Amino acid sequence: KATGTHAEKVKAYNDANRRVAILCNHKRTVAAGHAAQMEKVQDKIDAVKYQQYRVKQMMLALDPKLKKKKGAEWFALPEGLDEEWQKKHHEDLVEQERQKITKKFEKENEKLKAEGEKEMKPKELDERLEAATELEKKLKNELKTKKVEPEGKGPSVEKYEGQIEKLSVRISNMELQAEDRESNKEVALGTSKINYIDPRLTVVFSKKFDVPIEKFFSKTLREKFAWAIASVDEDWEF
């Protein structure tokens, strides 16, 4: 029975579909770029874990007694995110900030030009890019002191706990999706879902467990199986 979050329910559906695909011998060759793709997925998961770690450190900065209350392990750096990883991640964050600022500047200048207004000078961009330089200094200091200063408007332990909870859900969903992708590397789920499984069963699953049909059928498939989507409810039986 599918329970939990949407991601957990989708994985339960895919697990069942995978069993059908294996029975029907719907195998495929592992894609050449699969390993590289999975590495990128793991990098994204690690980035969110590190984001969560930083928020926990902000909590400690506000209330050092929390370390004793929650335990040192709760505030520990996630496994694998050593100093070398952190340096590389910090470089990526700073570069992303620079690109974000530059793209925004260029877009604003394009708009000014289109409206016949005077464009901003490069000096304006240089001044804006100072924010990225400040971020770089801040992250270097964090690495040196092992402390993270509170961020955001009106920082509080309660606000940070809310952020941590949301990040935990996000991490869990990302890990489920990664596990699902890894399990599918040698199995073609699409063939069984489109040609072997009655689409009404997928629709019933969607309605019964309150998961958007978009999680299972692309726009093309929703159009193809519109009759199935319209013809059954959550109590329909095959």
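**Salt bridges and charges**

A: Let's begin with D92, which counts as partly exposed because its relative accessibility is 31%. Keep in mind that this is a predicted model.

Q: OK, and what does the D92 side chain meet in a salt bridge?
A: That would be K88, with an N to O distance of 3.1 Å. K88 is partly exposed, since its relative accessible area is 46%.

Q: Where do D92 and K88 lie?
A: Both are in helix α4, which covers residues 83-114. They sit four residues apart, about one turn of the helix.

Q: How many salt bridges does the structure hold?
A: The count is 20.

Q: Let's do another one. Which residue does R128 form a salt bridge with?
A: R128 pairs with E108, and the closest N and O atoms are 2.8 Å apart. This pair links distant parts of the chain: R128 is in helix α5 (residues 122-128) and E108 is in helix α4, 20 residues apart.

Q: What about K185, which residue is its salt-bridge partner?
A: E182, with 2.8 Å between the closest N and O atoms. K185 is at 27% relative accessibility and therefore counts as partly exposed. For E182, the relative accessible area is 31%, which again makes it partly exposed.

Q: Which residues are linked in a network of salt bridges?
A: There's one made up of K11, D15, R18, E179 and D180.

Q: Switching topic. Which residues does UniProt list for "coiled-coil region"?
A: The UniProt record gives 125-184 for that, and the entry is unreviewed.

Q: How much helix and strand is there over residues 125-184?
A: In the model, that stretch is 78% helix and 0% strand. Its end C-alpha atoms are 46 Å apart.

Q: Back to charges, then. Which residues form the negative surface patch?
A: D233, E234, D235 and E237 form a negative surface patch.

Q: Where is the place of E234?
A: E234 is in the segment after α11, the helix that spans 226-231.

Technical notes
Residues are numbered from 1 along each chain as its sequence is written. This is a predicted model: local features need pLDDT of at least 70, side-chain atom pairs count only at pLDDT 80 or more; totals for chains, interfaces and linings use all residues. Side-chain values use heavy atoms; hydrogens and water are left out. Patches are made of residues with over 30% relative accessible area and no salt bridge: like charges are joined within 9 Å, nonpolar side chains (Val, Leu, Ile, Met, Phe, Trp, Tyr) within 5 Å. Accessible areas come from the Shrake-Rupley method with a 1.4 Å probe; for residues, only the protein chains shown count as cover. A salt bridge is a side-chain nitrogen of Lys or Arg within 4 Å of a carboxyl oxygen of Asp or Glu. Lys and Arg count as positive and Asp and Glu as negative; His and the chain ends are not counted. The place of a charge is taken as NZ of Lys, CZ of Arg, CG of Asp or CD of Glu. Helices (H or I, at least four residues) and strands (E, at least two) are DSSP runs, numbered from the N terminus. UniProt positions are given in the numbering used here, feature names are shortened, and annotations may be inferred rather than shown by experiment. Buried means under 20% relative accessible area, exposed over 50%, partly exposed in between (1.4 Å probe, protein chains only).
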